[in-house]
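Welcome! Let's walk through some charged side chains together, one question at a time.

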Amino acid sequence: MDNENKEKYPVPKEGNDNSAHISNVNVGDGDVFIGNKTEYNFSVEAPKVDPKAIMMLVEQYKDVDCKDPKFLAIKEELDDYNLPRKDRPIVGLEGKLKAGARSDLYYEARLQKDKFAKRLSRYEFSAHHCAIHLNLLGRIEERFNSKIRPLIDGGAPNEAIDHAISELIIEPFSEEVSPADPTLTAKIVRGMLFLLTGNCYLRWSKNDSISPS
């Protein structure tokens, strides 16, 4: 899609005339572009999907016993994600979204988070399911913090942030994992994101505290 057809979201300017600001956010064709007229450009392209990687992961862990050290290592990491981070204030999903002025997401976010939590419990002793869950949770955390947080910190509008989350996280990861497990849908992937949010691995506000009070 060319630049003329991209959606444009104006971002309010903050500070005085000499302060740096984001001038616009363009979203389209899976790209999220933040432009500053005088200082920098920041562009993110939707990632390519590689289902083979997940299939290889399933093959590697499908016959691993739940007493195997490889499984126990995965389970330990997965258990950490399923609990609130000890180094951050515990405010829960509603508190994190409220801090980011995203209370509009809370109802659906809670449903999706609970849906994934049930799945996590159902497959807690299945090595290949745990391997998939850990793989996706880690990648969601990394991609949100490296690609979505700059939008939040830059004051991008909610429409651009939601579009970026869908294009950079939800759609590619659910598409990538579907050949290995068609029940791991986009809603489940979104539930993973909100589990990470509720347990303080992701922040939705520029001023969100990241250390214990």
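Buried means under 20% relative accessible area, exposed means over 50%, and partly exposed lies in between (1.4 Å probe, protein chains only). This is a predicted model, in which local features need pLDDT of at least 70 and side-chain atom pairs count only at pLDDT 80 or more, while totals for chains, interfaces and linings use all residues. Residues are numbered from 1 along each chain as its sequence is written, and side-chain values use heavy atoms, with hydrogens and water left out.

Q: How many salt bridges does the structure hold?
A: A salt bridge is a side-chain nitrogen of Lys or Arg within 4 Å of a carboxyl oxygen of Asp or Glu. Lys75, Asp79 and Glu124 are linked in a network of them. The total for the structure is eight.

Q: Is Arg102 buried or exposed?
A: Arg102 meets Asp104 in a salt bridge, N to O at 3.1 Å. Asp104 is exposed, with a relative accessible area of 54%. Arg102 has a relative accessible area of 2%, so Arg102 is buried.

Q: How far apart in sequence are the parts that Asp162 and Arg102 tie together?
A: The closest N and O atoms of this salt bridge are 2.9 Å apart. Helices here are DSSP runs (H or I, at least four residues), numbered from the N terminus. Asp162 lies in helix H6 (residues 158–177) and Arg102 in the loop between helix H3 (92–99) and helix H4 (106–122), so the parts they tie together are apart in sequence by 60 residues.

Q: Are Asp181 and Arg119 buried or exposed?
A: Asp181 forms a salt bridge with Arg119, with the closest N and O atoms 2.5 Å apart. Asp181 is in the loop between H6 and helix H7 (186–198), and Arg119 is in helix H4, 62 residues apart. Both residues are buried.

Definitions and conventions: Helices (H or I, at least four residues) and strands (E, at least two) are DSSP runs, numbered from the N terminus.
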